[in-house]
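This report is for a reader who is meeting the structure for the first time. Please look through the sequence and the model before reading on.

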Amino acid sequence: MNRMPIRSKQILAISLALTALIPVVTFAAEFRSGNDASYLKNETINDDLYLIGGSVTSSGALRGDLITFGGNILINGTVIGDIAAGGGNISVLSDVHDDIRAAGGTVVVQGAVGGDALVAGGQVTIAGPKVGGDVSAAGGVVRIDVPVIAGDVRLAGGDVRIDSAVNGNLDVQAESVTLGPNARINGTFTYKSPKQATVEAGAVVSGETT
């Protein structure tokens, strides 16, 4: 029997976790779908919003949760609640005050995240100004370039690089692991890899390295 690689298991688990955010019965929510589904900057929605389409754009400020699926997803309006996104290419350029869960071919998060970030994709980049909770990410290529991550970080992938200050612990399973010069790991650093981790000049691990 062929066994699924660790990386594939991690990506599948994170992708399935997205479905937990979608309730069976939804009240006080707005649904929009179509080839081009959008929420414009000059609009106001105080409830949850579902956007489903080939191309999805959310530019307005949203007080509820955003649940979106599409081929190309662009989120550049602030979301006060959570974001759950699944698609081909996902770009989150604005802030999300709670959690973000996203799975796609390419996932880029450049806004601040107030809660946790749970992301999976072929290529994953998390590079916003901060993450207020934990980070869990899996992908073929994973790049974490957040100045401050308040919680723990768990990463799985082929090529993983982290260049962030992590207040908690860092746990990585990958084919290659790199700590960039701005990496500051206040907790423990645990990794599993066929190669020794690359620790660039300037990187600091305060806890134990295993």
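What follows covers strand pairing, the nonpolar core and aromatic pairs. The model is a predicted one.

**Strand pairing**

Strands of a sheet pair through backbone hydrogen bonds, either parallel or antiparallel. Here an open sheet is built from five strands in the order β7-β9-β11-β13-β16, with parallel pairing. Its edge strands are β7 (130-131) and β16 (204-205), each of which pairs on one side only. β7 is joined in the parallel sense to strand β9 (residues 148-149) by two bridges. Within this pairing, V131 has I149 of β9 as its bridge partner.

Elsewhere, strand β3 (residues 66-75) and strand β4 (residues 83-92) run parallel and are joined by nine bridges. I75 is bridged to V92 in β4. β4 also pairs with strand β5 (residues 100-109), again in the parallel sense and over nine bridges. Opposite G86 stands A103 in β5.

In soluble globular proteins, nonpolar side chains tend to be buried together. The largest nonpolar core of this model has 47 residues, and the members that touch the most others are I83, I126, V135, I144, L155 and L170. Strand β12 (residues 170-179) supplies the largest share of this core, with five residues.

Which residues does L170 touch, leaving aside those up to four places away in sequence? The contacts are V153, L155, I162, L179, I185, T188, F189 and T190.

**Aromatic pairs**

A pair of aromatic rings is described by the distance of the centres and the angle of the planes. Searching the whole structure gives two aromatic pairs. The table lists their geometry.

| Pair | Centre to centre | Angle between planes | Type |
|---|---|---|---|
| F31 and Y50 | 4.6 Å | 20° | stacked |
| F189 and Y191 | 5.2 Å | 25° | stacked |

F31 belongs to strand β1 (residues 29-39) and Y50 to strand β2 (residues 48-58), so this pair ties together parts that are 19 residues apart in sequence.

Y50 has 7% relative accessibility and counts as buried, because buried means under 20%.

In the other pair, F189 is buried at 1% relative accessibility. Y191 reaches 22% relative accessibility and so counts as partly exposed, a class that lies between 20% and 50%.

How values were computed. Residues numbered from 1 in each chain as written. Predicted model: local features only at pLDDT ≥ 70, side-chain atom pairs only at ≥ 80, totals over all residues. Heavy atoms only, no water. Phe/Tyr/Trp six-rings, centres within 6.5 Å; stacked < 30°, edge-to-face > 60°. Helix = DSSP H or I, 4+ residues; strand = E, 2+ residues; numbered from the N terminus. Buried < 20%, exposed > 50% of the residue type's maximum accessible area, 1.4 Å probe, protein only. Core = buried A, V, L, I, M, F, W, Y, C linked by side-chain atoms within 4.5 Å. Contact = heavy atoms within 4.5 Å. Pairing = 2+ DSSP bridges.
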